[in-house]
Amino acid sequence: CERLEGRPLRQRLLVVANRLPVSAVRKGIDSWSLDISAGGLVSALLGVKEFEARWIGWAGVNVPDEIGQKALTKALAEKRCIPVFLDEEIVHQYYNGYCNNILWPLFHYLGLPQEDRLATTRSFQSQFAAYKKANQMFADVVNKHYEEGDVVWCHDYHLMFLPKCLKEHNSKMKVGWFLHTPFPSSEIHRTLPSRSELLHSVLAADLVGFHTYDYARHFVSACTRILGLEGTPEGVEDQGRVTRVAAFPIGIDSERFIRALELPQVQDHVKELKERFKGRKVMLGVDRLDMIKGIPQKILAFEKFLEENPYWRDKVVLLQIAVPTRTDVPEYQKLTSQVHEIVGRINGRFGTLTAVPIHHLDRSLDFLALCALYAVTDVALVTSLRDGMNLVSYEFVACQDQKKGVLILSEFAGAAQSLGAGAILVNPWNITEVAAAIAQALNMSSEEREKRHKHNSSHVKTHTAQEWAETFVSELNDTVVEAQIRTRQ
Ligand code: ADQ
């Protein structure tokens with residue numbers, strides 16, 4: 001095997017995430033069809049040429065029978081994917097329960113569930129047990145496929161227990177963990193009953209990464225305050241072993257968006273959209289329909305803007321594209337009804353026989369349709385209440401070289417740290433402030449729009465997803481080497 005400075009030329013990277021980057025649909029007793037679902041992580045790693053990536057994760061379907069499991073494993077192998085099979089009960093307790101009902105809201109400052117305290121404690125305990133069990137199932141699959149020299153990169157809040165499970169099995173394995181959500185203030189993390197166990201488990205990794213310096217700082221201070229460990233400029237020290245903690249802001253594959261805008265079908269779609277909304281400024285929101293995205297607050301701010309600016313009422317349209325997620329969770333169902341109710345009320349109040357101010361779609365758009373929409377937008381509204389980074393803001397900027405539209409961006413999105421100088425930053429909870437930002441954006445001079453776009457565009461084009469992945473993995477390689485040197489001294 002060809003080697004460079006002791007490493008294989010193309011090092012194998014085991015990417016472990018809750019979901020595989022493909023959706024599987026069963027076609028028969030032993031046949032499956034697979035669709036690549038291109039999210040941020042998939043496109044980030046597709047561009048990384050230096051490593052040979054293998055994916056390990058759950059395929060999103062319950063496959064109770066051995067024939068089905070074997071056939072799916074074989075089909076996935078062609079896509080360099082390795083499945084972890086989780087049964088329905090584990091998925092319910094680990095994924096719907098501990099991950100999405102406890103960690104997700106807590107990490108976004110929405111608190112712990114407020115049900116009857118005893119019932120919460122009981123369900124909390126069983127959900128945490130399932131969380132640990134599921135993480136061990138991921139670890140078992142990693143251990144089975146791991147080869148010496150591989151790097152293991154664990155992703156997100158679903159797998160905080162994984163670094164510990166992996167290191168217990170093989171302390172020489174290079175393990176990195178990256179969090180895609182915010183890591184909250186230590187005061188918030190303190191409220192979590194399993195706060196210490198989770199921190200210790202993450203600290204078993206060699207490198208722990210976050211989108212922003214603030215999240216990294218919150219994590220280090222949680223380790224100092226809750227575990228009594230020492231925070232150093234490099235990370236967190238526990239009995240002489242340092243876990244490196246750092247910020248690795250994610251980006252997008254901006255070239256993919258720029259190339260798409262040149263395709264004839266996208267240009268035709270752009271023409272159609274321009275014709276459809278002729279004489280009106282286009283404002284755009286693209287979000288998963290999740291409470292952290294602040295969709296009701298955004299729409300209420302738009303209503304306030306229309307209330308205060310009668311001149312604009314027939315000259316602006318808000319397109320809100322919201323992909324439904326976690327549709328079986330009652331809180332998400334409530335959110336959908338709430339959004340529909342507000343949109344209906346505002347359209348009834350400000351609509352005319354021929355036009356309505358808000359077009360709300362509960363659906364996902366394909367990549368090319370999304371590019372066309374980004375390109376015709378005058379003002380993008382990203383008003384997340386909290387967001388690890390927010391890639392929609394990056395995608396919008398990548399598609400705006402011609403139009404140089406304005407980005408209104410929540411100060412609570414990680415992207416505010418990188419695109420803050422070019423965007424109009426807002427507190428999404430302050431509807432009056434967001435309404436004023438809409439007016440500012442619509443009235444902005446072309447010189448100012450150009451200046452702001454230039455700033456954001458140069459950031460989006462230079463801080464790409466590929467660069468993010470390469471930096472993380474090369475730092476993970478170096479960190480392990482450093483840790484070994486330190487132990488030897
Ligand atoms: P998400 O919460 O999913 O990601 P975001 O970063 O905005 O949020 O990425 C969403 C992706 O889905 C984008 O690529 C976007 O184009 C796509 N998308 C959203 N709505 C869509 C629609 N209606 N139709 C089609 N596509 C749509 C999590 C964290 C973020 C973090 C990312 C990456 O919550 O904070 O930025 O991971 O780390």
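Two strands count as paired if DSSP finds at least two bridges between them. Keep that cut-off at hand for these exercises on a predicted model.

**Exercise 1. Which residue in E17 is the bridge partner of Leu 284, and how do E14 and E17 run?**

Step 1: Start from Leu 284, whose bridge partner in E17 is Ala 380.
Step 2: Count the links: E14 and E17 are joined by 2 bridges and run parallel.
Step 3: At least two bridges are needed for a pair, so E14 and E17, with 2 bridges, are paired.

**Exercise 2. Are the two faces of E17 covered or open?**

Step 1: Side chains in a regular strand alternate between the two sheet faces.
Step 2: Sort the residues of E17 (residues 379-382): Val 379 and Leu 381 lie on one side, Ala 380 and Val 382 on the other.
Step 3: All four are buried, and both faces are covered.

**Exercise 3. Where is the kink in H3 centred?**

Step 1: Compare spans. A straight helix of 20 residues would reach 28 Å, but H3 (residues 88-107) spans only 25 Å between its end C-alpha atoms.
Step 2: Look for a bend: H3 has a kink of about 35 degrees, centred on Cys 99.

Definitions and conventions
Residues numbered from 1 in each chain as written. Predicted model: local features only at pLDDT ≥ 70, side-chain atom pairs only at ≥ 80, totals over all residues. Buried ≥ 20, exposed ≤ 12 C-beta atoms within 10 Å, placed from the backbone. Expected span 1.5 Å × (residues − 1). Bend = angle between axes of the 7 residues up to and from the residue.
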